[in-house]
Amino acid sequence: YDAAEKAQASSLYKRFQKKLNASAAGDIEEDMGVYRTRMIIPRAYLDRAVYFCTSGIRGRFELYVNGQAVSQSGACYTSKKFLISPFLTEGNNAICVFVYRMNSDLHGRKRKENGTFGFAGIFRMPEIVAEPLVEISGLHLHTTWEDSSAFSAMKTEDTDDSALIRFGESLELRRDGRVRLDVSFHNHTDLTVPVHVRFQLIEARPEYDLYNLPVHPIGVMKKMEGSIAAGSDLTLQSEISARSVLPWSDSYPFLYDLIFTVHDANDRIISVRKVRFGFRTSEVIARVFHLNDTALPLKAVRYFSFDPLGGIAVPYERFRQDICMMKQAGVNTVITAHFPADPVFYNMCDAYGLYVISQADSIYMKGMFEALMSHPSIIFWSFAPLHFDESKVWEQKQKLLILDGSRPFYCEADK
C-alpha cells in the first residue's frame with residue numbers, strides 16, 4: 001500500500017487504517033488479509049453492467065471499489081457476482097477486498113469450514129465481467145431422449161440430414177434428443193425491452209473451420225420471446241429438439257455448444273451467450289444407477305482440491321494431472337468433498353469423461369445448483385455429511401428439486 005500518493009487520503013485509506021489499528025489493538029480477534037489492485041476501465045464499460053465475479057474466497061469478506069463499500073459476504077465456493085458499475089469511473093479504479101480468516105453467518109457466529117485445511121483468503125482468481133444492459137442472468141438446461149416420431153411436428157431449422165454424419169462418427173451411437181431451456185434475463189435500463197431469442201447448436205471440436213462450422217440441425221417447439229420491464233427480471237422457457245446427437249458418457253464425452261442470440265424489437269443483437277453441455281440422462285432405478293437408460297457401475301473416490309505447493313489454490317495443470325491419473329486407474333467417478341471444486345475442474349471432467357458427485361454444505365447448495373447445472377459430468381448432487389440433519393435436508397431437497405429434478409441425490413448417511 002503506497003501511502004505516499006495523495007489519492008490515498010480517501011475513504012478506502014481511512015477504512016484500511018481503521019481496520020489495521022483495530023487489529024493492532026486487539027479489537028479484531030481474527031487475522032485479516034488485504035487484496036488490492038488497480039485497473040483501467042475503458043469508457044465503453046460505463047455503458048454496460050460490470051460485475052466483480054469470484055468462485056473461491058475462504059472466509060468472510062468485504063468488497064470496496066474506489067473507497068466505497070460494495071458488499072460483504074460469507075465464504076464463497078461457487079460462482080458469485082457483485083454489481084460494481086455504480087462505483088466505477090473512466091480510467092484508473094481501485095478495487096480492494098478485505099478477507100477475514102474465519103467465516104461467519106448472518107448473526108456473526110463463526111463457521112468452521114471443512115476441507116480447507118486451515119487456509120483462508122482468495123484461492124480462485126476473480127474476474128471483472130462486463131455484461132450488456134439487458135443480460136442473460138441465468139441458464140438452466142435439461143436433456144431427455146425422444147422417439148424419432150416426436151420430430152414430425154417440429155419446425156426444423158436445417159433439414160439437411162447429411163449434416164448429421166458428415167463427421168464420420170458411427171450412426172449407431174446417435175440418438176434423438178430434446179433440451180428444455182429456462183433462461184433468465186435482467187433489464188438494467190429504465191425502459192421496457194421486448195426480446196426474442198434464436199438458438200444455434202454446434203458440435204464441440206478442438207479446432208473449427210470458420211467456413212464450415214459443425215452446425216447441428218435443431219427444431220424449436222416454442223419460440224422464446226417476451227418483454228422485460230424496466231429494472232426487472234424475466235424468465236422464459238422453450239424446448240428444442242435435435243436428431244441423431246451423440247450421447248455423453250465417460251467413454252465417449254461428446255459435447256455441444258448451444259448459442260443464445262438475444263435480439264430486440266428491431267432485430268438487433270443485444271446479447272450473446274454460449275453454454276457447453278452434453279446430451280445424457282441420469283437416474284436411479286431399483287437402487288441401480290442408470291446413465292442414458294443403461295445400468296452403470298460407479299467406481300468412485302473422494303477428491304479433495306489440493307496442491308502440495310498452493311494448498312487449496314490449485315493450478316489447472318494439477319486438475320488435469322489428477323483426472324488423467326484417475327482415468328488410468330480405472331476410476332470413473334469422483335466425490336468433490338465438502339464444497340464444490342473449481343469451475344475449471346468441472347469443465348475438464350466434461351471434456352475428459354469423468355462422473356462427478358458434487359457435494360456442498362446445505363447453505364451452499366442453491367448456489368451450487370445455479371452455477372453447475374449445465375455440466376453433464378455431474379450425475380448426483382450431495383449434501384456434506386457433517387452436521388447432517390435429516391429433517392432439514394429433506395425440506396431443502398424438495399425445494400432444490402424444483403430447480404433441477406433431472407439428477408438424483410447421493411447421501412453418505414444412507415447405508
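## Packing of α4 against α5

Helix α4 and helix α5 (residues 390-403) pack with their axes 11 Å apart and at an angle of about 15°; axes are lines fitted to C-alpha atoms, for helices over the stretch in contact, and angles run from 0 to 180 degrees between N-to-C directions. The two helices α4 and α5 are therefore roughly parallel to each other, a term for angles under 35 degrees. Their crossing is right-handed, that is, the near helix is turned clockwise from the far one by less than a right angle. From α4, M365, K366, F369 and E370 make the contact, and from α5, Q396, L400 and L403 (contact means heavy atoms within 4.5 Å). These residues divide into 4 nonpolar, 1 polar and 2 charged.

## Basis of the model

The model is predicted: local features need pLDDT of at least 70 and side-chain atom pairs count only at pLDDT 80 or more, whereas totals for chains, interfaces and linings use all residues. Residues are numbered from 1 along each chain as its sequence is written, and side-chain values use heavy atoms, with hydrogens and water left out.

Helices (H or I, at least four residues) and strands (E, at least two) are DSSP runs, numbered from the N terminus. In helix α3 (residues 343-352), the buried residues are V344, F345, Y346, M348, C349 and D350; buried means under 20% relative accessible area (1.4 Å probe, protein chains only). The elements covering them include the helices α2 (316-328) and α4 (365-372), together with β25 (300-303), β26 (333-336), β27 (355-360) and β28 (378-383).

At the start of α3, a side-chain oxygen of D342 comes to within 2.9 Å of the backbone nitrogen of V344. Just after the helix, G353 adopts a positive phi of about 85°.

Y256 lies in strand β20 (residues 256-263) and counts as buried because its relative accessibility is 1%. Its side chain reaches the backbone nitrogen of L246 at 2.8 Å.

The side chain of D257 makes polar contacts with the side chains of Y208 (3.4 Å) and R276 (2.7 Å). A polar contact is a pair of N or O atoms within 3.5 Å; within protein, one must be able to donate a hydrogen and the other to accept it, and residues adjacent in sequence count only if both atoms are side-chain atoms.

Conventions
Buried means under 20% relative accessible area, exposed over 50%, partly exposed in between (1.4 Å probe, protein chains only). Angles under 35 degrees count as roughly parallel, over 145 as roughly antiparallel, 65 to 115 as roughly perpendicular and the rest as oblique. Ala, Val, Leu, Ile, Met, Phe, Trp, Tyr, Cys and Pro count as nonpolar, Asp, Glu, Lys and Arg as charged, and the others, Gly among them, as polar.
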